[in-house]
Amino acid sequence: VSGIYLYCFTPPGTVPGADLAGVCAGLVTHLALPWLTVWLEETDDVPRADLETIRRHDAVVRAAWAATPACLPVRFGQWFAEAGALEKTLTERRMELERALTTVADAGEHGIRITETDPTTEAEAERARPSTGRAYLEWLQARMRRDDARARRVAALGEELEASLGPAIRAQRLDVLPAGQGLASVAHLVPIERAEAYAEGIRAFGARHPELGLLETGPWPPYSFAP
Amino acid sequence: MVERNRRTRPPSLAKPPPAPSRTAEALQMDDLVLSELVSRVLDRGVMVAGDVTISVAGIDLVHLALRIRLSSTETLHRDALDRGRARGADAPPEGSG
């Protein structure tokens, strides 16, 4: 074995199915530590960097997520030369990983892309870019002010979302998107038994903000809440 | 996995803009889901091996991620702009009515 490719971590006791295919044409196996199971693939090859490989990685993580109440996805492309080095690294982070497994247990990640239903003004301001001189510096200054205003607006929306969803979410991650790509990308960690309350909370938030578009995806394995 | 476009509600208008076709909406959601998938798998999840990722995946991954994200966000933005323009074209001039 020349390398170990990682997919995810689960609590001890859950193991991959016997015929689960990995990203390098091998089968997914596991490393059982007393406190953690590592889903991995032993391989001589490095994974190809293409969309199909990304989908395959996600499929393995989803298989683990379906098989156990707690799953911590590993970022794509994580590779160790041998099991001893992997075990040493994981042991150094044991408390952090155990805590994270507890946080994500029995929950899924829901994503929301927040867009504006009328971004025309901002888009026109971006297009009206002067080419030289004082006008350009003033345009840059105006853009910085717009960026600051966007960040403040997104922060306020995030606070409102978090407060209104209350116990329907266990955690929230908020990323401001660059101008021209929508307002924000939001990830929520939603306990499975709270999924209906969460959906209702999002509907209510949307009703309060007709100026926004809410594009929902998920549930996903909890990628955004892994340490 | 469940993906859906929850709501895109136009503000009050004299005449609503034309609704995008079902196919356009489906394509928009496909783009979004693909973008969200790539973001999660490449940018999130536990980092264990640090910079080893770069040596395994190589620069192609960065280009792939950027291309997919730009494609999907451009689609979303273009759709929103089209709606904005449609509203502008349909809105009555000030003082009319």
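In this tour, Lys and Arg count as positive and Asp and Glu as negative, while His and the chain ends are not counted. The place of a charge is taken as NZ of Lys, CZ of Arg, CG of Asp or CD of Glu. With those conventions, chain A carries 24 positive and 32 negative side chains, and the centres of the two sets lie 6 Å apart.

The model is predicted: local features need pLDDT of at least 70 and side-chain atom pairs count only at pLDDT 80 or more, whereas totals for chains, interfaces and linings use all residues. Residues are numbered from 1 along each chain as its sequence is written, chains are lettered from A and ligands numbered from 1 in the order in which they are written, and side-chain values use heavy atoms, with hydrogens and water left out.

**Stop 1: chain A as a whole**

The C-alpha trace of chain A spans about 60 × 45 × 30 Å along its principal axes.

Next, show the surface of chain A. The accessible area is about 10,300 Å², and 54% of it belongs to carbon and sulfur atoms; such areas come from the Shrake-Rupley method with a 1.4 Å probe, and for residues only the protein chains shown count as cover. Of the 227 residues of chain A, 50% count as buried (buried is under 20% relative accessible area, exposed over 50%, partly exposed in between, with a 1.4 Å probe and protein chains only). Among contacts in chain A (heavy atoms within 4.5 Å) between residues at least 6 apart in sequence, 70% join residues at least 24 apart.

**Stop 2: Leu86(A)**

Select Leu86(A), in helix H2 (residues 83–92) of chain A. Leu86(A) counts as buried because its relative accessibility is 0%. Leaving aside neighbours within four places in sequence, Leu86(A) is in contact with Ile4(A), Leu6(A), Leu31(A), Val38(A), Leu40(A) and Phe80(A). Of these, Leu6(A) is 80 residues from Leu86(A) in sequence, yet their C-alpha atoms are 9.7 Å apart in space.

**Stop 3: the aromatic rings**

The structure holds 3 aromatic pairs over all chains. Rings of Phe, Tyr and Trp (its six-membered ring) pair if their centres lie within 6.5 Å; planes under 30 degrees apart count as stacked, over 60 as edge-to-face and the rest as tilted. Select Tyr5(A) and Tyr7(A): this pair is edge-to-face, at 5.1 Å centre to centre and 75° between the planes.

Tyr5(A), Tyr7(A) and Phe76(A) form one aromatic cluster. Tyr5(A) is buried at 0% relative accessibility, Tyr7(A) is buried at 0%, and Phe76(A) is buried at 2%.

**Stop 4: salt bridges**

A search of the whole structure finds 14 salt bridges over all chains, each being a side-chain nitrogen of Lys or Arg within 4 Å of a carboxyl oxygen of Asp or Glu. Begin inside chain A with Glu138(A) and Arg134(A), whose closest N and O atoms are 2.9 Å apart. Both lie in helix H5 (residues 133–165) of chain A, 4 residues apart, about one turn of the helix. Glu138(A) is partly exposed at 40% relative accessibility, and Arg134(A) is exposed at 67%.

**Stop 5**

Arg44(B) lies in the loop between H1 and helix H2 (52–57) of chain B and Asp175(A) in strand S7 (residues 171–176) of chain A, so the pair joins two chains. Arg44(B) is buried at 10% relative accessibility, whereas Asp175(A) is partly exposed at 24%.

Continue to Arg40(B) and Glu109(A), a salt bridge with its closest N and O atoms 2.6 Å apart. This pair also crosses between chains, from helix H1 (residues 22–43) of chain B to strand S6 (residues 107–116) of chain A. Arg40(B) and Glu109(A) are both buried.

Finish with Asp58(A) in helix H1 (residues 51–67) of chain A. Asp58(A) is buried, with a relative accessible area of 7%. Not counting residues up to four places away in sequence, Asp58(A) touches Tyr223(A), Leu37(B) and Val41(B).
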